[in-house]
Structures are given as structure tokens and as C-alpha cells.
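Trainee: I would like to go through this protein with you. Could you begin with the basis of the model?

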Amino acid sequence: MALTRYRPALIAGLLAIPLATAHAQVFTVGEKSATADIATDFTPTHVPLPQGKLTERGRRELIRNLEAEQGFAHRALPVSAGITLQANGQLTPGPAEYRKLIYQKGQSAAPGDRVVVTALEFKGDRLILDFNGGPYAKHRFLRHIQINDAPVAPDRGEVATGSRITLVFEGGIPEISSPEVKALLEPLIDFGVKTSEQAYADTLPPALKDAIAAHEVLVGMNHRMVLAALGAPENKMREQQSGDPNGARYEEWIYGHVPQTIRFVRFVGDRVTMVEIAALGKPIEIHNTNEMGDFDPTPTREVAMGDKDPKGGEGKSAAPPTLRLPGEAAPPDGPGKVQFPTKSSAAPIPPTPTADPGPGSDSGAGPGIGPATSPGANSGPNSGTSPRSNPKPPIQ
């Protein structure tokens with residue numbers, strides 16, 4: 001009966017909750033915005049394959065020549081076993097499903113990262129290769145064994161961070177060699193001998209790739225691009241204050257020394273904002289405008305859902321929540337005010353009071369001086385040092 005009586009008020013309160021939360025700022029990054037910078041371009045290979053079936057000797061040769069081989073990822077690899085590559089054919093999943101796989105499972109390697117073949121398995125018409133440990137953490141049976149309540153092999157919380165690529169051959173695995181397997185994996189993995197900077201440069205657009213090959217630094221590059229173009233700098237000047245009092249701090253990399261050409265590369269954050277080239281006998285060249293065109297090396301994240309300020313002040317910070325009415329002034333001594341110390345000196349701390357032996361003490365010393373006598377002590381019938389020391393006459 002009580003619920004029936006207050007049912008209208010309860011329904012009105014539940015309906016008011018969404019209205020109260022509708023004005024809150026909610027920003028949600030969706031799958032499309034989070035995977036917008038992941039490249040999924042794919043070009044099938046054309047590698048001539050032998051006709052004969054794989055023999056036991058060819059199997060051992062593949063294991064010996066492919067395991068522990070290192071390469072560089074041409075595209076982002078997910079922490080998953082769902083990548084299937086047809087020999088001289090297409091790659092599954094497709095571009096949209098590939099991005100969704102990375103969004104759900106996570107990324108094992110970025111473009112240009114080094115990967116290592118850690119396991120190789122032959123199963124029917126397919127060759128299964130695990131990179132960087134594979135997508136599954138290894139199960140150790142010793143974790144289930146304990147001696148005196150102490151585990152033999154404690155669980156260290158190992159998490160799988162690798163990827164798996166399944167190479168499928170139509171009609172069974174042929175008598176293939178390790179260089180041919182590497183050529184078939186070329187759209188995904190590059191097994192060429194190169195540095196990580198060179199592998200990263202191969203993933204960039206042709207104009208940037210040519211600039212890095214010519215050892216040129218363009219305004220707008222990031223740290224990794226500059227390292228790929230010029231390598232590590234000889235000197236660094238970090239945390240330098242710009243001439244503008246409101247300007248951000250910058251970092252400057254210096255390449256070369258006199259009489260060689262000296263390059264000063266200035267970074268603000270992760271972007272090159274200025275390049276100064278000082279050649280002997282020539283005026284200093286200053287580049288301070290964007291030279292990257294429409295290419296932005298910084299991954300962009302688009303807000304898929306969110307409330308917008310109707311006044312157009314998206315860049316302004318919202319006012320903190322308050323219980324005051326609109327237009328009500330804050331109290332002068334309210335919270336949030338900084339209390340500065342005053343110049344007046346603090347009051348001196350009074351001395352610690354000493355124990356007073358009481359008016360019945362006849363020790364001959366001043367008050368508070370002399371040995372203290374406990375109330376229950378009795379020094380004799382004639383001592384007189386305490387009121388309790390005088391014996392009372394017996395009751396007749």
C-alpha cells in the first residue's frame with residue numbers, strides 16, 4: 001500500500017534522472033575514430049611455387065631456417081590468431097574486419113616494429129607462424145603443484161602480446177624453401193636486413209620516403225622521422241624557454257659541426273617547428289612553415305559522441321559544480337581561498353608546569369623543589385613529612 005501511495009513520486013524521480021544527466025559532458029571514442037590511422041592496403045604476391053609435396057627434409061629445413069628469424073611489420077598486427085593469408089592470394093579478414101580485430105584484441109606490432117618468428121607448425125595445407133610469442137600465453141602445469149602451500153612455479157601474470165599468421169596453400173604445402181615463404185609474407189612482414197628506422201620509412205608516403213632517403217628534415221616531422229633521416233643528433237638542448245613569455249618550451253637537436261653544414265632542428269612536443277641550416281659561406285636558411293602537406297603523422301582521435309556548447313565555447317573549460325544559485329556571490333571566507341600567513345608573531349608557548357608538593361611539605365625547600373613523596377609512603381611515626389604520617393589516637 002505504501003508503494004502504491006508514493007508510486008507517482010517515484011516515477012517522476014526516475015524520469016528526472018536522465019534529464020539531470022543530459023547536460024553532463026560525455027566523450028566516447030568509437031571504433032572508427034580509434035582505428036582511422038591503421039593502414040590496410042594489400043597487394044597479392046606472385047611467387048612461383050614448386051609442384052612437389054613437402055618432404056620431411058624440407059620440413060626440417062623450414063624449421064631450421066625460419067625459427068628465430070627477425071623481420072619488420074609492414075602493417076599493424078593484432079594480438080590474434082585470425083589472420084589468414086592465401087599463398088599468392090587475398091588476406092582475410094577484410095579491411096573493416098581487420099580494424100575491428102585490432103580494436104577488440106589490441107595491437108601486437110606497429111608498422112616498422114621488429115617481429116621474431118617464435119614458433120612454426122605444419123597442419124595439412126597450412127603453415128602456422130607465431131610472432132613475438134604468439135597470441136596465447138603458455139600454460140605451465142607446474143603452476144598447479146604446491147609443496148607445503150608454496151607453489152612450485154608461481155603465476156607471474158604473463159599476458160600474450162604476439163600475433164599468428166596462417167599461410168594457406170591450395171592442394172597442400174609444396175616443397176617450398178624459406179626464402180619463398182618470406183616472399184609470400186612480404187605484404188605483412190619484411191624479412192630484409194635493415195634497421196627499424198628504414199623499415200618505418202618504408203611505411204610512409206612516397207614524398208616523405210624520398211625526403212628521408214635524401215637525409216632531409218621537413219617542418220612537421222616527428223622524432224622518429226628525423227631519426228630515420230639523420231640518425232641520432234650530436235648534441236641536444238632540452239627544455240629551452242622560447243623568447244615569447246607565453247610560448248611553450250622546445251627541444252633542439254644539433255647536427256654537424258664547423259666547417260661542415262650545421263642543422264638546428266627544433267621540436268615543440270613531437271613536431272618539428274623550425275629547421276635552421278647554416279652552411280659555410282652561405283646565409284642561414286630558416287624553414288618554419290609546414291612542409292608535410294596534408295599528411296599528419298600524429299594519430300587523430302575523433303569524438304564520436306559528445307555534447308557541444310551551444311555558445312560555441314568548446315575550448316573553454318566548464319565551470320566547477322556548485323550549490324549556489326545563479327548570480328549568488330561566494331562568501332568571502334568560503335572554501336577555495338588561499339590563506340596567507342600573517343606577519344604578526346605567534347604567541348609564545350607557556351612553560352610546562354611543575355609538580356607542587358602541597359602545603360604539608362616541610363622539606364625546607366621552595367615549592368616544587370625537593371624529592372616528591374608519594375601519598376602512600378610512611379617514613380616513620382615522627383617524620384611529619386606527610387599529613388598521613390601522623391597516627392590517629394585509638395578509639396576508646
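Trainee: What pLDDT does the protein average?

Mentor: The average is 78, and 71% of the residues score at least 70; pLDDT is the predictor's confidence in each residue, from 0 to 100.

Trainee: Which elements have the lowest and the highest mean pLDDT?

Mentor: Helix 1 (residues 2-5) has the lowest, 54, and strand 10 the highest, 96. Helices (H or I, at least four residues) and strands (E, at least two) are DSSP runs, numbered from the N terminus. Over residues 363-387 the pLDDT is below 50, and this stretch has 20 contacts in the model beyond near neighbours in sequence; contact means heavy atoms within 4.5 Å. Where pLDDT is low, the predicted coordinates should not be read in detail.

Trainee: On to the sheet. In what order do its seven strands come?

Mentor: The order is 4-3-10-7-6-1-11, in an open sheet with mixed pairing. Two strands pair if DSSP finds at least two bridges between them. Strand 4 (91-92) and strand 11 are the edge strands, each pairing on one side only.

Trainee: How many bridges link strand 7 to strand 6, and how many to strand 10?

Mentor: Strand 7 pairs with strand 6 over six bridges, in the antiparallel sense. Its pairing with strand 10 is also antiparallel, over six bridges. Leu129 of strand 7 stands opposite Leu120, and Leu127 stands opposite Leu167 in strand 10. The hairpin of strand 6 and strand 7 has two residues between the strands, and Gly124 there takes a positive phi near 65 degrees.

Trainee: Is strand 7 mostly covered or uncovered?

Mentor: Mostly covered: five of its six residues are buried, where buried means under 20% relative accessible area, exposed over 50% and partly exposed in between (1.4 Å probe, protein chains only).

Trainee: Which residues touch the most other members of the largest nonpolar core?

Mentor: Among them are Leu127, Phe131 and Ile189, in a core of 33 residues. A nonpolar core is a set of buried Ala, Val, Leu, Ile, Met, Phe, Trp, Tyr and Cys residues joined through side-chain atoms within 4.5 Å. Strand 6 gives the largest share of this core, four residues. A second, separate core of 22 residues includes Leu204, Ala228, Trp253 and Val265.

Trainee: Now helix 5. Which of its residues are buried?

Mentor: Tyr98, Leu101 and Ile102 are buried in helix 5 (residues 95-105). They cover an arc of only 95 degrees around the axis, so they lie on the same side of helix 5; the arc is that of the directions from the helix axis to the C-beta atoms. The buried residues of helix 5 pack against strand 2 (77-78), strand 3 (83-86) and strand 5 (107-109).

Trainee: And Asp190, what does it touch?

Mentor: Asp190 touches Gly71, Phe72, His74 and Asp202, not counting residues up to four places away in sequence. Asp190 lies in strand 11 (residues 189-190) and is buried, with a relative accessible area of 10%. A polar atom of its side chain lies 3.0 Å from the backbone nitrogen of Gly192.

Definitions and conventions:
Residues numbered from 1 in each chain as written. Predicted model: local features only at pLDDT ≥ 70, side-chain atom pairs only at ≥ 80, totals over all residues. Heavy atoms only, no water. Polar contact = N/O pair within 3.5 Å; in protein donor to acceptor, adjacent residues only side chain to side chain.
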